[in-house]
2 protein chains.
Amino acid sequence: MGSKERRERQRAETRQKILDAAREMFVRHGYEATTMRAIARRIEYTPTAIYHHFRSKDALLYELCDADFRALADGFRAAARVEDPVERLDRIGAAYVDFALTHPMHYQLLFMTRRPPLDELDGAAGRGDPGERAYAFLRQACAEAIAAGRFRPEYGDADEVAQMLWAGMHGIVSLQVTKQQEEWIEWRDARRTAARIREVMSRGLARGPTS
Amino acid sequence: MGSKERRERQRAETRQKILDAAREMFVRHGYEATTMRAIARRIEYTPTAIYHHFRSKDALLYELCDADFRALADGFRAAARVEDPVERLDRIGAAYVDFALTHPMHYQLLFMTRRPPLDELDGAAGRGDPGERAYAFLRQACAEAIAAGRFRPEYGDADEVAQMLWAGMHGIVSLQVTKQQEEWIEWRDARRTAARIREVMSRGLARGPTS
DNA sequence: TCAACTATCTTAACGTTGTTAGGCCAACGG
DNA sequence: CCGTTGGCCTAACAACGTTAAGATAGTTGA
């Protein structure tokens, strides 16, 4: 009597095909430019079929974001093991930029839109906003660096320092996401520029001899 | 025989009403969420009437962006008079942040939404994009600072340095615009944080004794 | 003065979008 | 064997940006 399980497996398979096609098309052409009909055509179904697996186009995007958000969490997890708080801040920034450039579409949704209306998303609700935990993680590293006396005394506010560093990383990736197509800018490689921003800010914040 | 002029004036008036309504609605609800029909209803015209003044919805957006860029350019003009390139960079950053916080909606329209490429805007072509000139202005100050030997030798790429500084300023204001309502973050005053970012980056970039 | 013209705005429609209602059909449970 | 269910389809909805064609003024030339 494994037929029920086979049905379930086939359903999950179709669902995954939808997710795969949607991810590739969202990333390649953008969210707005990707139509439900095009996704359906790609996997050789009718648009209506998608609605038997996902409530709406937005729900489809949110599901993809949830799945790919683990990449950021993983990146942070590796950084968490670094004991030195200043070096950890550098790792956090690198992981953040890497996530943003690897998943620009999801980054745009998470950090560049005013308020995604995910209020009634029953899927994985309950726990706090992943962005909230990410900020707390960054702030913690700043607080440790301050407590260890690694920064100049005027930079003693963990929130302020966290916001400064976040701004630097968010600035470079969000500018590239929105303005990369402008031909009047000779964009430098974002990862390299981000690394130099961290380097410069780290030196500017540091107490003692310029490292 | 001033009737011709009156007609022209009335046409310009209608055109301006369209622009005003569109700006307010783009800014309040976003570009995609604002429909041509809604703009028309607001000014008590038919949607078609708008097309007698603007070629498309994109053209409408572009016109608004052009006007806003000019306002930003005015803010830069004061900074242009500062001879010392490093101090000028600080003034440019302050003017940029001031513009963004004074006209947050305009800023969002200009720097936080991906502008669709308008292929052939022959209307007032020839002169460069105002955003292009703004970036060139920033880049020029960076180049002068580099040429004057004010920065460490590894920071010799004017484009890279310009993008670093731009990222810092854009990051802090764009984060505040999108995430200000999030309750899990204790936002510091953006002008102050921006000033500290400039301070930190300036010190991190500078050659010689820490100033 | 009156016909011709032009500018401005309207009505009606086209094609496309996300989404939904209702039905068809194979596969399952009793 | 028959009723129910799950998975997908056809057809359609309202709303979108945009366009074609026409109405109604005001202006202009003879």
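**Exercise 1.** Determine how many of the 22 residues of α8(A) are buried.

*Solution.* A residue counts as buried if 20 or more other C-beta atoms, placed from the backbone, lie within 10 Å of its own, as exposed if 12 or fewer do, and as partly exposed in between. By this criterion 17 of the 22 residues of α8(A) are buried, and the helix is mostly covered.

The model is predicted: local features need pLDDT of at least 70, side-chain atom pairs count only at pLDDT 80 or more, and totals for chains, interfaces and linings use all residues. Residues are numbered from 1 along each chain as its sequence is written, while chains are lettered from A and ligands numbered from 1 in the order in which they are written.

**Exercise 2.** Identify which residues Tyr135(A) touches, not counting residues up to four places away in sequence.

*Solution.* Tyr135(A) is located in helix α7 (residues 130-147) of chain A. With 19 other C-beta atoms within 10 Å, Tyr135(A) is partly exposed. Contact requires C-beta atoms, placed from the backbone, to lie within 7 Å; under the stated exclusion, Tyr135(A) touches Trp184(B) and Ile185(B).

Methods: Helices (H or I, at least four residues) and strands (E, at least two) are DSSP runs, numbered from the N terminus. Two residues are in contact if their C-beta atoms, placed from the backbone, lie within 7 Å.
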